[in-house]
Amino acid sequence: MLKQLMANHDFLALTLANPESIPSSFNFTLDNQTHVEVLDTGVISFTPEHKCGKDIVLSCAVHGNETAPIEICNELISSLLQQKLQVKHRVLFLIGNPAAIHNKTRFIEENMNRLFSGAHSKGEGLTNKERIRAKALEQYVADFYNEHNDSHRIHYDLHTAIKPSKHEKFAIYPYRPGRAFSGEQMMFLAQCGVDTILYHHEPTTTFSYFSSEQFQADAFTVELGKVMPFGQNDMSKFAATKAMLTELIANDTVKLPEFNADALNLYKVSRSINKHFEDFAFSFADSTENFTSFEHGEVLATEGDTEILIEHPTEAIVFPNANVPVGQRTVLCLVPAPNENVQ
């Protein structure tokens, strides 16, 4: 497997050739003294000879049909293996759901981004591959972060959204009670072309919340555009993101402008609406974009004999999906958030 990897420097190809697992983990050292470990299918880490101060996790394909982030990560991995790029910090790359990539679907049996922070082992327990993989990914992150206690921990979980968005690239900042939001991190994302931030309002079972809550990492779910099949992504749209991730992993520090709220679209989640009955239906068309705003009193959705109304002067929506199982979230509602605690 090492010979195959170093022959074509294509970690995604190796992963998809072994979507369930690899026969055994293996490690090697590049000529530039970077230590490389392939821990599992879709799991590879790079450690420089002389480590700087960051431990960085870059994950993609938690949803298997979100291809642009997969391509970005694979290009970075390839450049590292070819030694065109050299890490200054420890970096762990995770290709989350290889089986779903093969299947060209969001997931096989269950939405993996609802299975972290132990949710993989609640209810029915370890009954499907997404739950098994989510538990394994948690452990890889834990092992990676626990190796050093004095590093700046960062986790960008890279996605693309099902629907088009009025703000094409946006990031979800996980709930972090008692901790200020990082202005430096938000300006880094702005330089990536991610000009919109959503502050979440409660604990969740997403991958980014797991790293934020368990390891106090600066973690984000980063949405980079709309879902497209392999070969149909306009990679020029992701040039700024790839350039900044390259700077992050290959330089001691990244020069960033001072935090400027006016340079960002800042929202906070006002509420999460869950589905209680099968007849749940939105009042707007399926083609409605993320961040579309509605006025106070407008009907957002119906369920049974109940109308769900807009509660604030205006509320925007993101991630509307009426076709989720009963009990799961159908949409997040957002209000402006210009005055949060940012340091």
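1. Basis. Residues are numbered from 1 along each chain as its sequence is written. The model is predicted, local features need pLDDT of at least 70, side-chain atom pairs count only at pLDDT 80 or more, totals for chains, interfaces and linings use all residues, and side-chain values use heavy atoms, with hydrogens and water left out.

2. Threonine 206. This residue lies in the loop between strand E8 (196–199) and helix H7 (207–215); helices (H or I, at least four residues) and strands (E, at least two) are DSSP runs, numbered from the N terminus. Threonine 206 has a relative accessible area of 13% and is therefore buried (under 20% relative accessible area, 1.4 Å probe, protein chains only). Its neighbours in contact (heavy atoms within 4.5 Å) are Asn113, Arg114, Phe116 and Thr221, not counting residues up to four places away in sequence.

3. Helices H5 and H7. Helix H5 (residues 129–146) packs with H7 at an angle of about 35°, the axes being 11 Å apart; axes are lines fitted to C-alpha atoms over the stretch in contact, and angles run from 0 to 180 degrees between N-to-C directions. Contributors to the contact include Leu137 and Val141 of H5, and Phe207 and Phe210 of H7.

4. The sheet. An open sheet is formed by 3 strands in the order E11-E13-E14, with antiparallel pairing; two strands pair if DSSP finds at least two bridges between them. Strand E11 (281–282) and strand E14 (306–309) are the edge strands, each pairing on one side only. E11 is joined to strand E13 (residues 299–303) by 2 bridges, and alanine 281 stands opposite threonine 302 in E13.

Key. Buried means under 20% relative accessible area, exposed over 50%, partly exposed in between (1.4 Å probe, protein chains only).
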